Amino acid sequence: MILACQKISKAFGGESVLNNVNFLINEGEKAALIGINGAGKTTLLKIITGEYEADSGEVIFQKGTSFGYLSQVIDVQSRRTIYEEMLDAKKDIISMEQSIRSLEQSISRLSGEELSSAMEEYSRLTERFEQLGGYAWKSEITGVLKGLGFQEEQFDTPIHTLSGGQKTRVALSRILLIHPDLILLDEPTNHLDMESIHWLETFLSNYRGAVLIVSHDRYFLDRVVSKVIEIENGESLVFQGNYSQYAEKKKAQRDAQMKQYLNQQQEIAHQEEVITKLRSFNREKSIKRAESREKMLSKMELVDKPVMLNSQMRLSLEPEILSGNDVLTIEGLTKSFGEKHLFRNLNLSIKRGEVVGLLGANGTGKTTLLKIINRHLRADSGRIQYGAKVTIGYYDQEQHVLNDENTIFDEISNAYPKLTNTRIRNVLAAFLFTGDRVFQQIGTLSGGEKGRVSLAKLMLSNANFLILDEPTNHLDIQSREILEDAINQYEGTVFYVSHDRYFINRTATRILDLSPEGIVNYKGNYTYYLEQKEAGNVAADSESVTTAPVASQNDTTSSREDWKKSREEAARQRKRANDLKKTENEISRLEEENDTIKEAMNLPENTSDAGKLMELSLQYEKNEQLLLELYDRWEELSEE
């Protein structure tokens with residue numbers, strides 16, 4: 001065990017964020033910390049690092065444990081260059097190397113005990129230096145910086161002049177070079193391109209220390225972690241395996257909990273029905289049976305209904321009209337900014353119903369291409385042609401389609417003036433904006449909240465061609481999965497840029513790889529694209545086809561048996577229902593008969609006739625015995 005969190009609780013302003021969080025991180029273990037936006041993941045990391053203090057519980061580190069923490073927000077104003085910052089990360093190794101060099105020079109001048117002592121120290125230092133990989137510290141710095149997307153010509157850039165994303169990469173580089181026992185990463189892939197993310201996956205997978213990661217990048221988590229810690233409603237649940245295995249187990253767990261809950265609710269409703277029926281028979285014995293069941297019901301240990309997260313937005317993408325088969329055709333497109341040439345003589349076409357993902361390294365012009373297609377930028381040359389009846393819906397990662405001065409309500413009503421107030425409120429409620437929150441100003445919203453407003457506008461557009469620029473940015477995992485499902489059910493056409501490989505893998509039917517040399521077409525999802533790239537197939541334009549297997553003789557036989565069993569079960573249920581109805585009718589008949597017998601036994605002409613009274617009494621007892629048997633039979637049939 002390198003880290004233990006025990007019964008961690010934290011509240012802000014009386015509102016509980018974390019409540020009884022418990023988990024362990026073992027030496028060398030790679031774990032993910034997941035949960036919806038606002039679940040308390042970053043808060044928990046800050047409690048672990050000591051930036052926040054828990055209201056209760058404790059964080060326990062193994063003695064002597066070192067850790068490195070990458071925050072989501074990095075605001076470094078250092079006057080050092082990028083390379084100088086990395087040298088500082090390696091200062092212990094560099095100091096050790098200088099000591100070794102100094103000893104080498106001293107040894108040549110020493111003799112006797114001084115030489116012996118110096119040689120012993122030299123041996124100790126060189127052994128330690130080698131264990132720490134000291135001979136490779138220069139190449140390690142270069143490897144990490146290049147791996148995270150820095151070019152050698154950038155190494156001398158002062159850190160205070162860098163963008164926020166670049167500063168984050170510098171901070172991450174420093175942490176990786178220090179080699180702490182535990183690395184804590186809060187959204188480490190946010191500012192990395194795919195090549196850098198792939199490099200980081202390999203680095204962390206092979207890292208000897210432990211890693212705890214907060215990330216919405218499910219593909220990244222699949223490649224790196226072997227444990228998932230979920231924060232839900234302030235509490236923690238631990239799952240072994242990567243993200244996909246967690247998702248499968250979580251779904252099975254929720255399904256089982258819901259099934260157990262529904263089965264119990266069905267049983268309770270059934271017992272209440274039986275109790276009502278037994279009371280309706282209005283006999284002493286049937287009422288006792290009803291009371292017995294009521295007692296049993298009161299002692300039943302109730303299964304709680306599984307918590308259904310109220311953070312699920314409801315997204316439905318439906319085109320108002322169908323476009324022509326040719327949705328977009330681009331010929332000879334060229335775009336430059338000054339001396340920087342993004343692309344030249346670009347050609348591509350998109351057909352109706354396709355979901356096309358546009359990939360490429362940062363700076364290749366992916367977002368620029370989307371803006372040109374959406375008429376937000378002019379190309380230097382080339383032709384763009386839209387198909388018949390094409391209507392465009394655009395999602396902008398920078399949220400420039402939103403007016404920061406508007407309220408959320410006004411943003412929707414201004415864009416769609418024909419919508420009633422009730423319709424606008426219903427739409428916003430589907431995207432988790434309710435009550436007075438609809439009057440919150442756009443400029444005060446978080447990135448995730450702005451993303452939901454943009455998605456709401458996109459849904460209302462009823463467009464048949466969606467152009468999406470990083471649509472999953474700022475969305476939590478649950479919202480990403482909802483967006484994926486909506487795209488997979490969408491009958492229009494989609495063209496998007498995304499770094500979310502899990503999202504691409506689930507939605508794309510074709511991938512375009514953009515580079516300064518041009519564009520390469522891969523007809524498949526991200527896994528297919530990756531396979532072709534790794535195999536060196538740079539012109540992979542043949543479509544990946546999956547053929548449905550022909551049903552075997554065994555499958556046919558199995559289907560027939562299933563059908564036969566289904567019919568037999570249906571027949572059994574019909575017979576049970578008929579038997580139950582007959583039993584109820586017989587109970588009613590005998591009860592009415594016994595009521596008639598009781599009235600007959602009280603008639604004056606029968607009270608003085610001993611023989612008649614005996615006959616009526618025997619019939620009454622016989623009916624009562626039959627009723628007891630029928631009650632048993634009725635309850636038995638009811639339980640089925």
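Two strands pair if DSSP finds at least two bridges between them. Helices (H or I, at least four residues) and strands (E, at least two) are DSSP runs numbered from the N terminus. The model is predicted: local features need pLDDT of at least 70, side-chain atom pairs count only at pLDDT 80 or more, and totals for chains, interfaces and linings use all residues. Residues are numbered from 1 along each chain as its sequence is written, and side-chain values use heavy atoms, without hydrogens and water.

**First stop: the sheet**

Select residues 465-469, strand β15, and residues 493-497, strand β16; they pair in the parallel sense over 5 bridges. Within this pair, D469 stands opposite V497 in β16.

Now display the whole open sheet, whose 6 strands follow the order β14-β15-β16-β12-β17-β18 with mixed pairing. At its edges lie β14 (392-395) and β18 (518-522), each pairing on one side only.

Next, select helix α11, residues 366-373, which packs on the sheet. Contact means heavy atoms within 4.5 Å, and α11 touches β12 (355-359), β14, β15, β16 and β17 (510-515). Axes are lines fitted to C-alpha atoms, for helices over the stretch in contact, and angles run from 0 to 180 degrees between N-to-C directions. The direction of α11 makes about 150° with that of β15.

**Second stop: a helix pair**

Select α5 (residues 137-147) and α7 (residues 194-206), which pack at an angle of about 130° with axes 9 Å apart. The pair is therefore oblique (angles under 35 degrees count as roughly parallel, over 145 as roughly antiparallel, 65 to 115 as roughly perpendicular and the rest as oblique). Finally, show the side of α5 with G143, V144 and G147, which meet S196, W199 and F203 of α7.
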